[in-house]
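I opened the notebook to look up overall fold and pockets. My entries follow.

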Amino acid sequence: MTTCDNFIQSTPLRIGILGSTRGTSLQPIIDAIEQNTLNAKITVVISNKIDTGILDKAKKHDIQTKYVPENTINGIRKKRSDFDHEVSTILQSYNVELVLMIGYMRIVSNDFCKLWKNCCMNIHPSLLPDFSKGMDLDVHTAVIHSGKKQSGCTVHFVTEDLDEGPIVCQFKCEVKSNDTPQSLKQRVQLLEGDAFIWAIKKFQNDLLSSS
């Protein structure tokens, strides 16, 4: 079991972050916490990359970080379930109540999804279900080529079916006629921090209303 049922309104929600890239969306969450507009605490940031920007951001704010290598000490790639077990063990050791995936470039195992059911959120750079199962610039390229007038980001719960978990929220932006995949990505990324903050508050409110 996870610690989802242990949430108490007067205590900050304990958040664990999984990331593999720069973690652009992490900073607005940190800012909201430090400005006391979000009743939460990031207890640990975990990455499968040792030299990634998301770990650097966390360290600058004295947030605990953990690196979980994808290979064993013998250089053999770990099974997905074994890797995810290591990650879950760390999350549980920090009493994490909600897991956020921010630029996490891994597909998680079914066991991980079951363990963190309704307690793990991912953000996807499109308005799901459109352009699901793509990553990064490939998604923005597909949006532009489709002729869509709107794009945005979707926060959804992580399930065994990739990008098909229940949607928590969607934030939208215009697709401009002169957009490149890079320019559209920048505009969508500006939405992601606010979308996560909205989703975190929704998660808290849902826990309170069900208690």
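What radius of gyration does the chain have, and how does it compare with that of a compact globule of 211 residues? I found 17 Å for the chain, which agrees with the value near 17 Å for such a globule. I note that this is a predicted model.

**Overall fold.** I counted six helices and seven strands. Reading along the sequence, I got β-α-β-α-β-α-β-α-β-α-β-β-α. The C-alpha trace spans about 50 × 45 × 35 Å along its principal axes.

**Packing and surface.** I looked up burial next: 47% of the 211 residues count as buried. Among contacts with a separation of 6 or more, 67% join residues 24 or more positions apart. The chain exposes about 10,900 Å², and carbon and sulfur atoms supply 49% of that area.

**Largest pocket.** I read off a volume of about 750 Å³. I found 34 lining residues, with Gly-103, Tyr-104, Met-105, Asn-122 and Ile-123 nearest the centre. β4 (98-102), β5 (120-124) and α6 (181-210) each give at least two residues to this lining. The largest share, four residues, comes from α6. I sorted the lining by class: 12 nonpolar, 13 polar and nine charged residues.

**Second largest pocket.** Its volume is about 160 Å³. I listed the lining as Ile-30, Ile-33, Glu-34, Lys-41, Ile-42, Thr-43, His-61, Asp-62, Ile-63 and Gln-64. Which elements give two or more residues to this lining? I found α1 (26-34) and β2 (40-47). By class, I noted four nonpolar, three polar and three charged residues here.

Note on methods
Residues numbered from 1 in each chain as written. Predicted model: local features only at pLDDT ≥ 70, side-chain atom pairs only at ≥ 80, totals over all residues. Heavy atoms only, no water. 1 Å grid on protein atoms, 1.4 Å probe; cavity = no way out; pocket = protein on both sides within 12 Å on 5 of 7 lines; lining within 4 Å. Points joined across faces, edges and corners; volume = space filled by probe spheres on them. Nonpolar A, V, L, I, M, F, W, Y, C, P; charged D, E, K, R; others polar. Rg over C-alpha atoms; globule rule 2.2 N^0.38 Å. Buried < 20%, exposed > 50% of the residue type's maximum accessible area, 1.4 Å probe, protein only. Contact = heavy atoms within 4.5 Å. Areas by Shrake-Rupley, 256 points an atom, 1.4 Å probe, with all protein chains shown as cover.
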